[in-house]
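Please keep the sequence and the model at hand.

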Amino acid sequence: MRATSVSERAAAPALRVENLDVRFVDRGKDFSALAIHALDLASGASLALTGPSGCGKSTFLYVLAGLLRPARGRVTWNGDDLFARGEGRRVAWRRANVGFIFQDFELLHELTPLQNVLVPATFARFSIEAGTKQRAASLLDRFGVPARSGATGALSRGERQRVALARALLFDPPIILADEPTASLDAQSARVVIDTLAASEGRTVIAASHDRALVERLGREARLQHGRLEARA
């Protein structure tokens, strides 16, 4: 597998969410953590998920990526029901289509930044192509992180956040799902990340964020309150 260019990347799929209900059990009691009647997002559009901490933003991103199965409802990308797929097919779909930026980064602390960015490439084959390595190093350079600066666990939280972003962009996926992608960054670094996400022409970007600068650049906003969709812009 090699990194694709914007021109080679598959067209970003359109999203439709219908009658979504995600339930958790806490202290023996079942409750609805997320209940969204309907949400549509056009192919290549951007959306900011906003709302107070604990309102369901991260849960929603996990569902959209197929990482968390809802109790009921449908999540379709280009009309393809994500949860009609088996687990293996969802994993394959996610690898081909989604770059996920986790709030806690999910990096391997003993690896270098470059090795962390290249982790998705190891799922494709044992030998990583030179062009993929070059793209990984270029992404780290864009975000101001030395590619071979020792163990990633020794980096600052902001540097680790930028490594996670570079990893998500490695194969130029048609969908980026980002959970608080600027939360740990200084103003200058945040501006680079915001510019990168907002300038993703042809890519669907959905970001959970409290950062008004990012929300405004993405253009469309969906506010969650207690797991319910409160407002759409």
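What volume does the largest pocket have? The answer is about 630 Å³. The model is predicted.

**The largest pocket**
- The lining of the largest pocket comprises 22 residues.
- Nearest the pocket centre lie Arg95, Val98, Pro120, Phe123 and Arg167.
- Helix H2 (87-97), strand E6 (98-101), H4 and H6 each give two or more residues to this lining.
- By class, the lining residues divide into 15 nonpolar, 2 polar and 5 charged.

**Helix H5: length**
- Helix H5 runs over residues 130-142, which makes 13 residues.
- At 1.5 Å a residue, H5 should span 18 Å, and its end C-alpha atoms are 18 Å apart, so the two values agree.

- Thr132, Ala136, Leu139 and Leu140 are the buried residues listed for H5.
- They sit on the same side of H5 because they cover an arc of only 100° around the axis.
- In an α-helix, residues three or four places apart point the same way, because there are 3.6 residues a turn.
- Ala130, Gln134 and Asp141 are exposed, on the other side of H5.

**Helix H5: surroundings**
- After H5 comes Gly144, with a positive phi near 75°.

Note on methods: Residues are numbered from 1 along each chain as its sequence is written. This is a predicted model: local features need pLDDT of at least 70, side-chain atom pairs count only at pLDDT 80 or more; totals for chains, interfaces and linings use all residues. Side-chain values use heavy atoms; hydrogens and water are left out. Helices (H or I, at least four residues) and strands (E, at least two) are DSSP runs, numbered from the N terminus. The expected span of a helix is 1.5 Å times one less than its number of residues. Buried means under 20% relative accessible area, exposed over 50%, partly exposed in between (1.4 Å probe, protein chains only). The arc is that of the directions from the helix axis to the C-beta atoms. On a 1 Å grid over the protein atoms alone, a cavity is a set of points where a 1.4 Å probe fits but cannot get out, and a pocket is an open set with protein on both sides within 12 Å along at least five of seven lines; lining residues have an atom within 4 Å of a point. Grid points are joined across faces, edges and corners, and a volume is the space filled by probe spheres set on the points. Ala, Val, Leu, Ile, Met, Phe, Trp, Tyr, Cys and Pro count as nonpolar, Asp, Glu, Lys and Arg as charged, and the others, Gly among them, as polar.
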